[in-house]
Amino acid sequence: MKQFLIMVFILKLQFNFAQHTYFLEIKDSTFLKSIFKDDVDDFYKSSGSKNLDFLFNDTKIIEFHKPFPTSKTDWLQSIYFLNVSDTNLFLKMCNLHREIFPFNEAVFFIKELCYTPNDFNINPNGVTNKHLDLIRAREAWEITKGDPNIVLGITDTYLKTTLEDISQKINFPILGFNNDNNLDWSYHGSATSGCMVAHTDNNLGICGIGFNCKLKFNSEWAVDNEILLMSQQGYKIINASWFNSYNYSSVINLLYSEIRNNGSLVFFGAGNGKSHSPSGNSLTNYVYPACYDSVMCITSVGYKNDYGTPAPNYGNWKDLHNNIPNDPNSAHHHNDKVDLCAPGYDVPCLFYDKNNPTATNLYKEENGTSFASPMVAGVAGLMLSVNPCLKPHEIESILKSTASNIYSIPENVQYAGQLGAGRVDAFEAVKKTYKEASLFFKNQTLSGNTNYEAIHSIFAGEPPIIFAGLSGNTNVSNGSNIVFNAGKEIYLGAGFEVGLGGSFLAQNVTTVCP
């Protein structure tokens with residue numbers, strides 16, 4: 001008999017004995033006839049199927065049904081949905097009896113795992129947080145709610161620092177020279193800041209995608225050198241929802257290349273329509289700095305209504321680039337320099353009225369790539385909260401590779417190659433970051449005197465449902481000495497064991513980026 005010996009736990013360990021869900025192919029119809037019988041043990045013995053009974057003796061079947069009963073595909077008709085309390089026995093059954101169960105696949109339904117802040121449905125001044133549902137923010141927050149040590153930079157116009165939904169998120173002092181009360185001619189800086197890091201879970205107002213991430217604000221807007229200075233001060237994510245030129249400059253291009261080489265990824269709005277073109281009649285012209293290759297150029301899609309929604313809610317359809325269906329002139333900028341899309345029409349924003357300066361909790365909806373851009377920058381902040389060692393090219397690659405393909409929407413076909421990789425998906429981006437920053441041990445025996453390290457988490461045994469199937473039974477062999485070093489957490493599931501004379505040490509380590 002194995003002994004479970006753990007020497008020291010410095011790190012908080014999370015043990016998971018959750019339910020586990022699978023798609024399962026079943027070829028033996030006699031098995032189906034017996035699935036709900038009380039005496040399945042006698043059935044298996046009489047049918048000649050050995051060792052199947054342990055699944056039902058030791059495992060609770062929570063849910064079992066055919067998920068696609070009306071499908072016309074033969075294979076889908078043989079697929080069943082199974083929710084069991086012990087995944088180890090389930091997988092053992094499948095491996096021993098592949099003639100009956102030739103296929104199984106762990107499945108995760110996102111509706112089961114979704115963090116909703118207490119201010120998500122407040123809807124102040126009639127605005128909602130539905131834009132965050134389109135980019136799957138609540139699912140991403142189930143993985144991370146952001147790290148207050150991750151400070152996101154913005155260069156923009158005046159920021160009203162007393163607004164209740166942003167005042168606790170600012171890293172003072174404000175940079176630049178234009179945040180004087182005498183210069184509060186624009187609430188644009190307050191609006192973009194809220195899109196990125198509005199105070200979330202505070203029973204007030206709107207939510208910011210960056211959740212717990214903090215804000216460093218620079219009011220010296222439309223000045224390229226201010227972005228360089230913020231980069232040199234160590235800010236890895238910087239949003240700049242402005243443009244200052246229609247013309248390419250080899251000098252400024254080199255400047256933004258240097259900023260990126262410093263380790264900073266800069267996000268810009270692509271432009272808001274024909275008014276943002278020198279001729280006043282183009283939606284495809286380049287605006288700069290957004291269109292330099294070293295920065296992320298973001299344009300808009302809708303989020304409010306399902307595609308095809310008729311009047312009176314006509315327009316602002318989910319993932320449609322046009323704000324008004326069948327009206328290309330209602331779109332924001334699009335061209336081959338665009339990298340990603342995010343909600344940019346009727347986006348809920350922080351607002352202040354300089355004629356009513358004592359009001360601290362006003363909100364309104366705004367249009368513009370100015371508000372799509374900080375949303376994507378906020379997703380990058382969540383990614384850095386999981387892995388603070390990410391380089392700009394890694395952040396860009398993950399954001400693009402996990403984006404939702406929106407080119408299949410009929411009206412978006414005309415914009416092929418002009419909407420970048422698609423619409424940002426916060427959940428998929430954060431999940432991929434998490435997986436790449438973690439170690440997953442599956443059906444392994446760990447031997448010798450070995451240290452294992454992960455930037456974020458280490459999984460041994462059965463992991464949380466969000467990573468079901470990536471990890472499984474893990475044993476430390478007799479006499480072996482194993483150390484897990486993780487930056488955040490270590491998960492030891494029911495399938496983790498330490499052999500006789502072996503030892504296991506779990507410890508938190510400070511992440512040191514190369």
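Predicted model: local features only at pLDDT ≥ 70, side-chain atom pairs only at ≥ 80, totals over all residues.
In soluble globular proteins, nonpolar side chains tend to be buried together. In this model, the largest nonpolar core comprises 68 residues, and the most contacts inside that core are made by Ile 209, Phe 267 and Leu 399. Helix α11, spanning residues 369-386, is the greatest contributor to this core, supplying 11 residues. Apart from this core lies another, made up of 23 residues, including Met 230, Phe 268, Ala 270 and Ala 290.

Once neighbours within four places in sequence are set aside, the contacts of Phe 267 include Ile 237, Ile 238, Asn 239 and Ala 240. Phe 267 also touches Met 296 and Ile 298, as well as Ser 373, Val 376, Ala 377 and Ala 380.

Attention then turns to the cysteines. A disulfide is a covalent bond between the sulfur atoms of two cysteines. A search of the whole structure gives one such link, which joins Cys 389 to Cys 513 with an S to S distance of 2.1 Å. The link between Cys 389 and Cys 513 is left-handed, with -85° about the S-S bond. Distant parts of the chain are connected in this way, as the two cysteines are 124 residues apart. Cys 389 sits in the loop between α11 and α12 (392-401), whereas Cys 513 belongs to the segment after β23 (503-508). The two ends can also be described by their accessibility: Cys 389 is buried, at a relative accessible area of 8%, while Cys 513 is partly exposed, at 31%.

Cys 195 takes part in no disulfide, and its nearest cysteine sulfur is that of Cys 349, 3.8 Å away. The cut-off for a disulfide is a pair of sulfur atoms within 2.5 Å, so the 3.8 Å between Cys 349 and Cys 195 is too far for a bond. Both residues count as buried, with relative accessibility of 5% for Cys 195 and 0% for Cys 349.

Finally, the surface carries a nonpolar patch of about 310 Å², made by Leu 183, Trp 185 and Trp 221. Trp 185 is placed in the loop between β7 (151-155) and α8 (188-197), and its relative accessibility of 54% makes Trp 185 exposed.

Notes:
Residues numbered from 1 in each chain as written. Heavy atoms only, no water. Core = buried A, V, L, I, M, F, W, Y, C linked by side-chain atoms within 4.5 Å. Buried < 20%, exposed > 50% of the residue type's maximum accessible area, 1.4 Å probe, protein only. Helix = DSSP H or I, 4+ residues; strand = E, 2+ residues; numbered from the N terminus. Contact = heavy atoms within 4.5 Å. Patch = residues over 30% accessible without salt bridge, like charges linked within 9 Å, V, L, I, M, F, W, Y side chains within 5 Å. Areas by Shrake-Rupley, 256 points an atom, 1.4 Å probe, with all protein chains shown as cover. Salt bridge = Lys/Arg side-chain N within 4 Å of Asp/Glu carboxyl O.
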